[in-house]
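Here are my notes from going through this one, as numbered points. Have the structure open while you read.

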Amino acid sequence: MDFEEALRDLGFTLERDARAVRHFAARPTPFLTYWVQAYPDGTALFTWEFAIAEWAAIRGLQVGSDEHLNTFLYPKADDRGPQDAAWLAERLDRTEALLRSLSLLDAE
């Protein structure tokens, strides 16, 4: 199975193709988007964004000045690695484990 087939199997769709870089997105929830950029050199970049202001708003909370359109939670660093399904699956698992571990009551 090639990398683009693996992306499709994981729910990613091609969003755009610009300057030989193919951008894929998967949206497992209304607030979470996974992004993969596939480069011609056989590497890929994985990142994600979580619409934290929108998530908070439906719970009667606000983040900062309550600007929903521009308030996202991101990782401090993106991951770059091979265009490999196992590599990507591990990044997805790590991200989901991190997001599941967040608790507003455990601020330590």
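1. Start with helix 3 and its buried residues: Trp 87, Leu 88, Arg 91, Leu 92, Thr 95 and Leu 99. They take up an arc of only 135° around the axis, so they sit on the same side of the helix. Keep in mind that this is a predicted model.

2. What do the buried residues of helix 3 pack against? Their partners are helix 1 (3–9), strand 3, strand 4 and strand 5 (79–82). Turn to the face of helix 3 that points away from this buried side, and you find the exposed residues Ala 86, Asp 93 and Arg 100.

3. The length of helix 3 checks out. The helix covers residues 85–101, and at 1.5 Å a residue its 17 residues should span 24 Å; the C-alpha atoms at its ends are 24 Å apart, which agrees. Have a look at the start of helix 3 too: a side-chain oxygen of Asp 84 comes to within 3.1 Å of the backbone nitrogen of Ala 86.

4. Now zoom out to the fold. The protein chain contains three helices and five strands, and from the N terminus on its elements run α-β-β-β-β-α-β-α. The C-alpha trace spans about 45 × 30 × 25 Å along its principal axes. Of the 108 residues in the chain, 31% are buried. As for contacts with a separation of 6 or more, 38% are between residues 24 or more positions apart.

5. On to the aromatics. A search of the whole structure turns up four aromatic pairs. One of them is Phe 31 with Phe 50, a tilted pair at 6.2 Å centre to centre and with 45° between the planes. Phe 31 belongs to the loop between strand 2 (21–26) and strand 3 (32–38), while Phe 50 is in strand 4 (residues 43–50), so this pair ties together parts that are 19 residues apart in sequence.

6. Tyr 34 and Phe 46 make another tilted pair, with 5.8 Å between the centres and 40° between the planes. Tyr 34 is in strand 3 and Phe 46 in strand 4, so here the pair ties together parts 12 residues apart in sequence. Both Tyr 34 and Phe 46 are buried.

7. There is also a charge over a ring to look at. Arg 80 lies over the face of Tyr 39, at 3.9 Å from the ring centre.

8. Most residues other than glycine have a negative phi. Arg 19 is not a glycine, yet it has a positive phi of about 55°. Ala 20 lies in that loop too, and although it is not a glycine either, its phi is positive at about 70°. Is Arg 19 buried or exposed? With 83% relative accessibility, Arg 19 counts as exposed.

How values were computed: Residues are numbered from 1 along each chain as its sequence is written. This is a predicted model: local features need pLDDT of at least 70, side-chain atom pairs count only at pLDDT 80 or more; totals for chains, interfaces and linings use all residues. Side-chain values use heavy atoms; hydrogens and water are left out. Rings of Phe, Tyr and Trp (its six-membered ring) pair if their centres lie within 6.5 Å; planes under 30 degrees apart count as stacked, over 60 as edge-to-face and the rest as tilted. Helices (H or I, at least four residues) and strands (E, at least two) are DSSP runs, numbered from the N terminus. Buried means under 20% relative accessible area, exposed over 50%, partly exposed in between (1.4 Å probe, protein chains only). A charge sits over a ring if NZ of Lys or CZ of Arg is within 6 Å of the ring centre and within 35 degrees of the ring normal. The expected span of a helix is 1.5 Å times one less than its number of residues. The arc is that of the directions from the helix axis to the C-beta atoms. Contact means heavy atoms within 4.5 Å. A polar contact is a pair of N or O atoms within 3.5 Å; within protein, one must be able to donate a hydrogen and the other to accept it, and residues adjacent in sequence count only if both atoms are side-chain atoms.
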